[in-house]
Amino acid sequence: MRWKPTDRPSSCPYLPGNEILLKTSEDGAPIKAVIRKYFPATLSCCMVIRFVEPHILNNTSECVLKLYDRRFSTQHREDWDAAPWAPELEKEYQEFVSCGDAEEFFSYWDAEKECDDNWSAAYINNSERWSPAKREAYLQWESTTTYEIEKKAYENMAELQGKDVPKVFGEVVLNEPLIASKR
């Protein structure tokens, strides 16, 4: 099923007005924020947020949050002809991961990427016949890889942050469950 990058599954939690629960990657401290704006069609889920708790930046400043969430990364999903995310798809993916099959794929892709920076699963002849769970596993691997590349780029541009490139305030991870839409 082909879909446009501007399409967002109705289950997408990244809607303006929704609260999002995060935690710091350093010590796991909880953070609650409100989504002010969402930007579709990127490799990450990109949004403007305002912190609610704890008091960060006086709770008045807005900042950009980029989450590498394969479930709602419209560009990755479109690039790989992946169906919009749904709870049933997540269940299939979680079963694929818990039985250990995904680990084999991740190891293979990591090894291939180490040998060739330009390697992509597009080189795999039968990737178009992957099960939805395998496709989700690849999307997860690709999201993680893309995040690590961007993180490294910002580390290399530390002296330019806040001047020529955005300033990185820190790393956070999604702290499930998401709070449902207030609409």
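This is a predicted model: local features need pLDDT of at least 70, side-chain atom pairs count only at pLDDT 80 or more; totals for chains, interfaces and linings use all residues.
Arg70 is buried, with a relative accessible area of 4%, where buried stands for under 20% relative accessible area, exposed for over 50%, and partly exposed for what falls in between, judged with a 1.4 Å probe on protein chains only. Residues are numbered from 1 along each chain as its sequence is written, and side-chain values use heavy atoms, with hydrogens and water left out.

Arg70 forms a salt bridge with Glu136, the closest N and O atoms being 2.7 Å apart; the term describes a side-chain nitrogen of Lys or Arg within 4 Å of a carboxyl oxygen of Asp or Glu. Because Glu136 lies in helix α4 and Arg70 in the loop between β4 and α1, the pair ties together parts that are 66 residues apart in sequence. Helices (H or I, at least four residues) and strands (E, at least two) are DSSP runs, numbered from the N terminus.

Glu136 is itself buried, with a relative accessible area of 2%, and its side chain also meets that of Arg77 in a salt bridge of 2.4 Å, N to O. Arg77 lies in helix α1 and Glu136 in helix α4, so this pair ties together parts that are 59 residues apart in sequence. Both Glu136 and Arg77 are buried, and a network of salt bridges links Arg70, Arg77, Glu90 and Glu136.

The count of salt bridges comes to 8, and one of them joins the side chains of Lys66 and Glu150 at 2.8 Å, N to O. This pair links distant parts of the chain, with Lys66 in strand β4 (residues 62-67) and Glu150 in helix α4 (residues 132-156), 84 residues apart. Lys66 is partly exposed, with a relative accessible area of 37%.

Strand β4 leads on to the sheet. Strands of a sheet pair through backbone hydrogen bonds, either parallel or antiparallel. Here an open sheet of 5 strands has the order β4-β3-β2-β1-β5, with antiparallel pairing, where two strands pair if DSSP finds at least two bridges between them. The edge strands are β4 and β5 (172-174), each of which pairs on one side only. Within the sheet, strand β2 (residues 30-39) and strand β3 (residues 45-53) pair in the antiparallel sense over 7 bridges, and Val34 stands opposite Arg50 in β3.
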